[in-house]
Amino acid sequence: MSSTPSTQEPRTSTDPFEFQSVEVLKGVGPGVAARLEKLGIYHVQDLLFHLPLRYEDRTRVVAIGSLQHGQHAVIEGVIDHSEVRYGGKRRGGRGGRSLLCHVADGTGSLLLRFFYFNATQQANLTRGVRVRCYGEARFNNHRIEMVHPEYRRLFEQQAAEVEDTMTPVYPKTEGVHQALLRSLIDQVLGRLDGESLEEHVPDELLNKYSFPQLQQALQLLHHPSPQTSLELLEQCRHPAQQRMIFEELLAHQLSFMRLRQRIQQEKAVPLMLEAAKFDAFRRQLAFELTPAQQTVIDEIHLDLAKDTPMMRLLQGDVGSGKTVVAASAVLAAVTSARQAAIMAPTEILAEQLYTNFCNWFSATDCVLLTGKDKGRLRRSKLEAIRAGAIHVIIGTHSLFQEDVDFSDLALIVVDEQHRFGVHQRLALKDKGRFKGCIPHQLIMTATPIPRSLAMTAYADLDYSVIDALPSGRKPVATVVVSEQRRQEVLDRVARACASGEQAYWVCTLVEESEALQCQAAEETAAMLQQALPELGIGLVHGRMKQEQKNAVVDHFKQGDINLLVATTVIEVGVDVPNASLMVIENAERLGLAQLHQLRGRVGRGQKQSACVLIYSPPLSERGKQRLAVLRETNSGFVIAQKDLQMRGPGEVLGTRQTGLMQLRIADIVRDESWLPEVNAAARYIMQHYPEAVKPLIHRWLGRAERYGSV
């Protein structure tokens with residue numbers, strides 16, 4: 001699910017006005033058009049649906065005496081006196097000077113402050129001059145002021161007019177300012193007067209939800225009248241906004257449904273698994289499958305038995321047992337004499353998967369392919385894969401390099417899918433295209449995604465959840481402490497290791513630079529070795545060679561190391577049942593989902609495990625809320641929902657990697673209640689108004705086409 005420029009032919013001047021290039025508008029040449037493209041604006045219609053972020057009320061003059069802190073307002077008054085004040089430093093370290101204008105209107109007074117001004121401005125803003133200003137009122141040193149407001153002089157004869165409608169503020173980019181966007185959108189609205197935009201949402205849906213007509217809604221949103229409730233607009237609860245929110249979510253849902261149709265038209269090799277072979281596999285496991293695992297395995301085996309490709313997203317909380325579920329899918333491929341590829345994001349995780357699969361399958365039928373394979377060893381592995389002598393291929397991004405050719409790849413398993421770019425997954429899928437068939441795909445994540453987000457961002461995938469942990473797994477006790485209590489934490493680590501347990505000490509991102517982050521981890525390891533000389537301490541960070549990292553992790557697994565100091569490189573892939581204590585420094589800097597992933601490295605054995613979150617005071621209110629969530633629950637799904645509410649879908653899923661849809665006015669969290677209605681409406685339109693599907697998608701997604709086959 002990503003976006004790429006459309007292959008669609010450019011619109012010509014014979015098209016209806018709204019489908020013509022923005023270059024038909026006054027003031028738009030090739031240079032401006034190129035800058036508008038950065039905002040996703042190619043055609044006239046794109047400008048109409050470039051909706052305001054917020055509004056400024058310039059329709060009335062506000063008395064200075066009634067201004068509130070933080071209020072954006074138009075004021076009018078006479079300059080009582082002006083002065084240039086020197087002193088202090090501004091950004092850049094230069095000595096500062098500022099122009100201060102004291103303005104009064106009879107109800108009160110305020111200060112206009114200009115840090116950047118020229119001689120002409122200074123000459124124009126003098127005693128007795130009447131000015132009208134728009135800006136944000138702020139209280140500073142017991143008086144109200146506006147810093148760098150928009151202003152104009154008013155002369156005695158001049159009529160003091162105000163705006164007729166509220167002023168929209170649009171999303172913008174470098175080289176595209178608000179005045180240009182307002183001018184262009186006003187041109188489009190003016191040209192559409194007397195015409196009507198085609199209404200693609202059926203009347204029965206508009207009537208059902210009491211939505212306004214499209215053109216009426218657009219006029220109101222670009223130019224709200226002074227009577228329009230600013231509160232409703234700010235909360236996106238105005239009927240015109242609700243109509244647009246509904247239509248945008250509808251367009252995205254239709255896009256996913258159309259992608260799903262295309263996927264279902266593809267062919268795949270059916271992978272049948274005999275019950276006796278699955279029973280034999282299950283008996284050799286060292287544990288019992290949970291009912292939740294068995295349910296998901298049944299869903300996957302039903303998919304694999306079909307001649308259409310499985311596209312299934314498997315969610316499971318940290319430690320829920322996704323790997324053995326994936327192995328049951330791989331078993332179906334192996335017993336059908338077909339190949340399965342399992343792609344992991346790190347070599348540490350790939351090696352752990354390889355060990356597990358060698359235990360469950362024949363070691364001679366499994367191969368590990370990573371970036372460190374060179375020369376003759378790599379060539380021999382590639383030849384075995386190409387010849388079909390190996391059926392289970394496990395690796396990192398090395399799996400989709402050009403020199404890797406499969407014999408008959410029928411199943412792809414992607415672990416921790418959000419860590420791979422969409423092009424990487426496409427490349428692997430294309431390697432499995434043989435005789436008109438493509439591989440089945442199982443996409444796994446231990447980052448729980450709230451159902452509302454999954455229904456929208458992954459609507460083209462089937463959706464399975466392992467919603468229970470294996471029996472006997474004890475919740476991890478989580479405590480939050482200030483770094484001022486570091487000695488208590490050190491004592492706790494010493495006690496745990498003295499009793500034969502092991503611990504992690506995680507250094508999170510203190511600096512943006514990876515080099516500085518790794519340096520901080522090295523310094524932390526040295527500090528801990530000095531404070532706890534009786535312990536064996538290891539270090540893992542991102543700048544170490546893979547062989548070094550693997551060696552340290554192996555020593556930790558074997559118990560030679562008591563305390564492993566690491567950066568967040570250990571977020572996935574290290575499974576040490578004897579490790580029962582985790583300390584995370586600067587915990588306030590990480591998102592909830594990442595903290596939960598890290599915490600999931602402990603609690604894998606029979607002992608009661610604990611996680612200590614160290615924060616640097618003072619802690620913001622939001623920081624307190626986030627850490628409190630970790631302390632109160634071990635449920636990844638509860639944490640994911642909170643994370644979504646606090647950070648938004650782009651952060652939770654990692655927008656850069658997933659190509660998550662970019663919404664113009666809708667918000668998945670705020671507008672979650674619309675999703676069931678939108679899903680039903682999309683099915684209704686697909687069935688009764690198929691001709692409306694393409695125009696709706698084009699209107700809202702423009703040139704953004706998704707990789708529905710990923």
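How many salt bridges does the count come to?

Mentor: The count comes to 27 salt bridges. Keep in mind that this is a predicted model.

Start with Arg312 and Glu299. Their side chains meet in a salt bridge, at 3.7 Å from N to O. Arg312 lies in strand S10 and Glu299 in helix H10, residues 291-304, so the pair ties together parts that are 13 residues apart in sequence. The two ends sit in unlike surroundings. Arg312 has a relative accessibility of 8%, so Arg312 counts as buried. Glu299 has a relative accessible area of 29%, which means that Glu299 is partly exposed. The cut-off between the two classes is 20%.

Strand S10 leads us into a sheet. S10 covers residues 311-316 and pairs with S16 in the parallel sense, over 5 bridges. Within this pairing, Gly316 stands opposite Ile466 in S16. The sheet is open and has 7 strands. Their order is S12-S13-S11-S14-S15-S10-S16, and the pairing is parallel. Two strands form the edges: strand S12 at 366-369 and strand S16 at 462-466. Each of these edge strands pairs on one side only. On average, neighbouring strands of this sheet are turned by 20° against each other, with direction ignored.

Next, take Arg378 and Asp403. Their side chains form a salt bridge with an N to O distance of 3.2 Å. This pair links distant parts of the chain, 25 residues apart. Arg378 is in helix H13, residues 375-387. Asp403 is in the loop between strand S13 (392-395) and strand S14 (409-414). Arg378 has a relative accessible area of 10%, so Arg378 is buried. Asp403 has 33%, so Asp403 is partly exposed.

A set of shared partners is also worth a look. Salt bridges join Arg54, Glu56, Arg58 and Glu150 into one network. Glu150 takes us to strand S8, which covers residues 150-154. S8 is joined to S5 by 5 bridges, and the two strands run antiparallel. In this pairing, Val131 stands opposite Arg153 in S8. Strand S5 covers residues 130-136 and is mostly covered, with 5 of its 7 residues buried.

Asp80 is partly exposed, at 39% relative accessibility. Arg127 is exposed, with a relative accessible area of 64%. The cut-off for exposed is over 50%.

Gln45 is found in helix H2, residues 44-48. Its relative accessibility is 2%, so Gln45 counts as buried. Leaving out residues up to four places away in sequence, Gln45 touches Glu18, Phe19, His698 and Arg699.

Finish with the backbone. Most residues other than glycine have a negative phi, and most peptide bonds are trans. Asn141 has a positive phi of about 55°, although it is not a glycine. Asn141 lies in the loop between strand S6 (138-140) and strand S7 (143-147). At 65% relative accessibility, Asn141 counts as exposed. Ala337 also has a positive phi, of about 60°, and is not a glycine. Ala337 sits in the loop between helix H11 (322-335) and strand S11 (339-343). Ala337 is partly exposed, with a relative accessible area of 47%. The peptide bond from Pro617 to Pro618 is cis, with omega near 0°. Pro618 is in the loop between strand S22 (610-615) and helix H20 (621-632).

Notes:
Residues numbered from 1 in each chain as written. Predicted model: local features only at pLDDT ≥ 70, side-chain atom pairs only at ≥ 80, totals over all residues. Heavy atoms only, no water. Pairing = 2+ DSSP bridges. Helix = DSSP H or I, 4+ residues; strand = E, 2+ residues; numbered from the N terminus. Axes fitted to C-alpha atoms, helices over the stretch in contact; angles between N-to-C directions. Buried < 20%, exposed > 50% of the residue type's maximum accessible area, 1.4 Å probe, protein only. Salt bridge = Lys/Arg side-chain N within 4 Å of Asp/Glu carboxyl O. Contact = heavy atoms within 4.5 Å.
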